2 protein chains.
Amino acid sequence: MADVQKRVEAALERALPPAEHEPQRLHRAMRYAVLGSGKRVRPLLAFAAGEVAHSPFERLDAVACAVELIHAYSLIHDDLPCMDDDVLRRGKPTVHVEFDQATALLAGDSLQSLAFEVLAAGRSAEEPATEIEMLHTLARASGTRGMAGGQAIDLAAIGIPLTLPELEFMHILKTGALIRASVVLGARCGRTLGASEFGKLDRYAKCIGLAFQVVDDILDAASPTATLGKTAGKDAVQGKPTYVSTLGLARARERAQELRRDAHAALESFGAEAARLRDLADFIVLREF
Amino acid sequence: MADVQKRVEAALERALPPAEHEPQRLHRAMRYAVLGSGKRVRPLLAFAAGEVAHSPFERLDAVACAVELIHAYSLIHDDLPCMDDDVLRRGKPTVHVEFDQATALLAGDSLQSLAFEVLAAGRSAEEPATEIEMLHTLARASGTRGMAGGQAIDLAAIGIPLTLPELEFMHILKTGALIRASVVLGARCGRTLGASEFGKLDRYAKCIGLAFQVVDDILDAASPTATLGKTAGKDAVQGKPTYVSTLGLARARERAQELRRDAHAALESFGAEAARLRDLADFIVLREF
C-alpha cells in the first residue's frame, strides 16, 4: 500500500502544473490541495482492481491520478463557505482559507479538467474505444448521476431525517459513484474481463463505497478533530442525516461489518489476484476501530 | 445560423438531465443556465468549421454541446459572489440569484462533467483515437492552460494596468482557448485535414477568439445593460484591464477590424466551404456596430 501511495504521489506530482508556471497562485492552490496528504483510497482501489485484470502500472497511474483529481476537486468545492464552510482538511487549512475563495473555486474547476486531460493523455487501455468508455465512466461518476448529484441531495437533506434507503441512495451517488469508478477503471485498463467477473467487482465496489461512507460518519461522530484531520462532529452540528443519526452508533458499526463481509463475498471466486481488494475492504472498515 | 442554433438547442435539451429527475433543483439550475438563451457562438463555430471538413451533423451535435456546456459552466462560476459577483446574465438573474450559491456551484461543476460525458458518448469522430484526442483538446482548453487559467490571470490583474501583450495572453487563455477548441473540434470530426489546412483554421480561430474579446470589451464599455443582457460598464467599475482601458475605444475598434481581416486572410485558400466561418468572423466583429 505504501508503495502504491508513493507511486501515485509521484504521478500526481508529474500531472499537476508546476507551481512556478503562470498562473502561479492557481497552480500553487491545486498542488496544495492534492499533494502531500490524503489516504489515496481511490488510487489504491484502482491499483488493487488492476491486479485482478493484470493492468500495467503505467495505465493505472493515469487512472489513479484521474480519480484522485476528481476527488480533490470535490473536497475543495465542498469546503467552500457556500457549501460545508469548513476550515480544516487533511490536517491543513482548507484551500479557500489558505488562498481565497475565487482561487479555490478555480482550483477545483481546473482539477476537474485536469482529471479528464490526464485520463485522455494516458493511453489507459489497449483499445482506444475502451479508453473512451473509461472517460465516459469517469464523467458520469462525477456528474449529477454521481458525485455532484449526491452532493446536491445531501445539501437538500439538511435538517430532514432520511430513511435508510434514502440515505443509501444519496451515498451511492456522493461517495459510491467515484469509488465504483475507481475499481471499474482500474480493471478496465488490463485484460478484458468477462461480464460476470465485472459484475462481481462492481458488487464489491458498491459495498465498499457504502462501507466507506458508514465509517466516515462513525468517525465524524466519534473521533476528535486532531485524529480526523478535518472538523469533527460537523454532521450533527449541521443537522446532516448520517448513518449514525439514522441507525445509531452501534447499528452503524454492525452495518459497516456487514458491508465488509458482502464485499469479501463478492470476491469469493477470485484467487490471490484479489488479495489487495480484500485488504482494502478491511482497511476501509477497520480504520475506525 | 438560425437553423444551427435551433439544432444545437435541441441537442442541448436532450443532453441535459430532465428537470423532473432527482436532484431536481440541480437539474433545473443546469437547464436554466443553458437553455433558451445565448448566442451559441462556440457551437456556430464548430458547425462552420465542420463544413470545411464535411463533418456529419450528428457528430457536430456532440461537439457543439460539449463546448457550450463548458462555456455555460464558466459563466455560472464567473458570476458567483467570490468571482465577478454579477446578478444578470443573458437578460435573466444569474444562477446563484435565481437558485442559491451552493446550487450554482454544483450546477457549474456538473455541466463541466456533462461536457466530457457528452463528447465521450457522441461517436464524435471516425476513429476512436481521434475522439480521445478531441477529449484531450477540450480538457486542455478548459483547464489552467486554457479558460480557467485565463480567468485566474484576469482576477490577479484587477487594478493593475496590463500591457497589450499581457492582455492578449490573458484573453488567448480566457476566451480564446475554448473558441479555438470549438473550431478545431468541429473540423476534427470530419475528414482528416492536412497540417497546413489545420494550421490555417487554427490561425483563423486565434484571430476571432481575440476579436470576440475585443468586441466584448467595447460592448461592455459602450452599451446599456438592457441591450447587453448583462451588467454593462462592469469592467471599468471593477478596475479590470480591457482592450478599451488599454487601447482606448477608437483603437480597440480598429484592432477588432484588423483581427477580422486577419481571420479572413487565414481562410484565403479555402473556397465556399469556409463561407460560414467568414460570416462568423463578420458577425462576431460587426455585432457591435
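In this predicted model, the loop between β1 (88–89) and β2 (92–93) of chain B holds B:R90. The phi of B:R90 is positive, near 50°, although the residue is not glycine. Most residues other than glycine have a negative phi, and most peptide bonds are trans. B:R90 has 15 C-beta neighbours inside 10 Å and therefore counts as partly exposed.

A positive phi also occurs at B:R40, again not a glycine, with a value of about 60°. B:R40 belongs to the loop between α2 and α3 (41–52) of chain B. B:R40 counts as buried because 22 other C-beta atoms lie within 10 Å, and the cut-off for that class is 20 or more.

| Peptide bond | Omega |
|---|---|
| A:E22 to A:P23 | near -10° |
| B:E22 to B:P23 | about -10° |

In chain A, A:P23 is placed in the loop between α1 (2–15) and α2. In chain B, B:P23 sits in the loop between α1 (2–15) and α2 (24–34).

The contact of the two chains draws on 41 residues from chain A and 41 residues from chain B. On the side of chain A that touches chain B, at least two residues each come from α2 (24–34), α6 (101–121), α7 (128–142) and α8 (147–156) of chain A. The most is given by α6(A), with 13 residues. By class, this side of chain A comprises 23 nonpolar, 12 polar and six charged residues.

Note on methods:
Residues numbered from 1 in each chain as written. Chains lettered and ligands numbered in written order. Predicted model: local features only at pLDDT ≥ 70, side-chain atom pairs only at ≥ 80, totals over all residues. Contact = placed C-beta atoms within 7 Å. Helix = DSSP H or I, 4+ residues; strand = E, 2+ residues; numbered from the N terminus. Nonpolar A, V, L, I, M, F, W, Y, C, P; charged D, E, K, R; others polar. Buried ≥ 20, exposed ≤ 12 C-beta atoms within 10 Å, placed from the backbone.
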